[in-house]
Amino acid sequence: MEMIFHVEDPENSAVYENVSAARSNPAPKKRQGEESTATPASTGVKVYKVISVIVGIICILLVVYIVVQHLGLNDNGSTRDTLKNLTEERDDLRRTLLVVEAANKNLTGQRDELMQKMNDFDSQRRSLTEERDDLRRTLLEVRRQQGWVLFQNRFYYISSDTKSWQDSKADCVQKGADLVIINSKEEQNFLRKFKKRVWIGLTDKETEGVWKWVDRTQLSKSFWIPGEPNNFEGKDEDCGEIRYYDQEDSWNDAPCDMQINWICEQAP
Ligand SMILES: [Ca+2]
Ligand SMILES: [Ca+2]
Ligand SMILES: [Ca+2]
């Protein structure tokens, strides 16, 4: 392409020259000591280059501008979406917070109500415990007056008269108790302290040799005198007694119609 340019210098005002001529006739190299002077052709080339560079820069800036605008638009859209999402999340969190606060308030109310009930219950429990202890003391006193003795949370009654085993049992039942059942060594030793020959709630009337307590449980731990039970001299000895109370193994089988004292046992 050929370009024509106009030089303002008056001396060269008439000169219009084809740039291609300048290309085909490059300026000779300066000789040493020669004064530097630019020809119109070389000036035109320079201007051409400058304009090309400027146009190139403008194009690059234009492209950059378009890209930046495009990115800016995208960024604006993305930012709007992000803001919208954040706003929605904030609103959701606010609603959730309100629900949680309401639930917390409700729970606090329930907790206070329960604590109040618990305090009332505890107060009632203390009151009832005191009443129970008073009643126990009163009952114990009444029982003592009736001849009952308390041992390991059980009441025992030692008779002052004598009866057969069956009549003794009937007397205990009439008192709301039964003939004593000996469950432990401690109980056995406690009963010996009355120092009386007494009926206990043990019998083999149902099946000879099979000793059972009055509550129909089978005998396990026993305190027979050595050699007992023996149906002494062929007699029908089907009822148990504490005979030699000064020794731990003090039980004997005896005829049930024998008249001796007895001991009743009752749960409180
Ligand atoms: Ca017992
Ligand atoms: Ca027998
Ligand atoms: Ca015997």
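Helices here are DSSP runs of H or I with at least four residues, strands are E runs of at least two, and both are numbered from the N terminus. By that rule, the chain has 4 helices and 8 strands. Along the sequence the pattern reads α-α-β-β-α-β-α-β-β-β-β-β.

A word on sources. This is a predicted model, where local features need pLDDT of at least 70, side-chain atom pairs count only at pLDDT 80 or more, and totals for chains, interfaces and linings use all residues. Residues are numbered from 1 along each chain as its sequence is written, while chains are lettered from A and ligands numbered from 1 in the order in which they are written.

Next, burial. A residue is buried if 20 or more other C-beta atoms lie within 10 Å of its own, exposed if 12 or fewer, and partly exposed in between, with C-beta atoms placed from the backbone. Buried residues are 15% of the chain's 268.

Now the core. A nonpolar core joins buried Ala, Val, Leu, Ile, Met, Phe, Trp, Tyr and Cys residues through C-beta atoms within 7 Å. The largest one holds 26 residues, and Val-180, Trp-199, Ile-200, Ile-263 and Cys-264 touch the most other members. Strand S4 gives the most, with 4 residues.

Take Trp-199. Contact means C-beta atoms, placed from the backbone, within 7 Å. Beyond four places in sequence, Trp-199 contacts residues including Trp-165, Leu-179 and Cys-239.

Last, Lys-212, in strand S5. Is Lys-212 buried or partly exposed? Partly exposed, because Lys-212 has 16 C-beta neighbours inside 10 Å. Its C-alpha lies 10.0 Å from that of Cys-239, 27 residues away in sequence.

Conventions:
Two residues are in contact if their C-beta atoms, placed from the backbone, lie within 7 Å.
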